[in-house]
Amino acid sequence: MAAPQSLTPSPVESRPRGPRHPAATGAESRRGLVTRARRMARTLAVAYPEAYCELTFRSPFQLLVATVLSAQCTDVRVNQVTPELFRRFPDAHAMAAASLVEIEEIIRPTGFFRAKAANIHALSTQLVEHWDGEVPSRLEDLVALPGVGRKTANVVLGNAFDTPGLTIDTHFGRLARRWKWTESEDPVQVEKEVGEIIPRPEWTVLSHRIIFHGRRVCHSRRPACGACFLAADCPSFGLGPTDPGTAADLVKGENRTELLRLAGIEEEAQ
């Protein structure tokens, strides 16, 4: 199978402008921003064609609970906890009938377990009382549930109901700011501004792709700049190592080899 081809020049093929990029200097036009953002989105689609929600769930209710648990916790840890939680309390009716102590004991590894247990129990009770145990499919109804904000609501809407939504988690916000798609630290404002430059049908899958990229390449502390296939379009190039070999060691994920090829880096066979 032929290696995937990036839609933007790799660090190896062209010297990224980084701080000299028009977006970094304030010289980028609105049209330029939209063109660049959509080009980056297309390249992310090449890199992560099968990006998906990494939380394990079998129903809208289970996704809702798992997303509440994911606050300040990794998806990996949540996925270690939810099998037992959903074995004992698979739906809103069962969760509402559970005691807080029972829920707390199971979800303790996710952190902030008392507050999360209280929210899960309360939202389950509200679903039973007002929605016959079903999860509503409108944003305004979801955010009215205890412990459910716009991020959680958009995760549920996009992945359980196929309603496009932008999931502004820490990875999404960090990358959107690094790429100068926004300057805002406010998730609601980030959602608004990104939603204005990316077509609505792409919102959910783009969220997955940006989160994948944040976990695999554009890390919080040491982004793999020299091994990033988006480098030529990134105004923050240089925040992390720019040497391709050094940066390549920072790239993670099951498709690491393909990500490096998109950046113009071919690793020698071990």
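Q: How is the expected span of a helix defined, and what does helix α7 reach in this predicted model?
A: The expected span is 1.5 Å times one less than the number of residues. Helix α7, residues 113-131, has 19 residues and, in this predicted model, reaches 25 Å from its first C-alpha to its last, close to the 27 Å expected.

Q: What makes the buried residues of α7 lie on the same side?
A: The residues concerned are Phe113, Lys116, Ala117, Ile120, Leu123, Ser124 and Leu127. Because they cover an arc of only 140 degrees around the axis, they are placed on the same side of α7. An α-helix has 3.6 residues a turn, so residues three or four places apart point the same way. What covers these buried residues includes α3, α5 and α6, while the face turned away from the buried side carries the exposed residues Arg114, Glu129 and His130.

Q: How do you know whether Cys234 counts as buried or exposed?
A: The relative accessibility of Cys234 is 11%, which is set against the cut-off of under 20%, and therefore Cys234 counts as buried. Cys234 is also found in the loop between α12 and α13, and its contacts, leaving aside neighbours within four places in sequence, are Gly18, Arg178 and Trp179.

How values were computed. Residues are numbered from 1 along each chain as its sequence is written. This is a predicted model: local features need pLDDT of at least 70, side-chain atom pairs count only at pLDDT 80 or more; totals for chains, interfaces and linings use all residues. Side-chain values use heavy atoms; hydrogens and water are left out. Helices (H or I, at least four residues) and strands (E, at least two) are DSSP runs, numbered from the N terminus. Buried means under 20% relative accessible area, exposed over 50%, partly exposed in between (1.4 Å probe, protein chains only). The arc is that of the directions from the helix axis to the C-beta atoms. Contact means heavy atoms within 4.5 Å.
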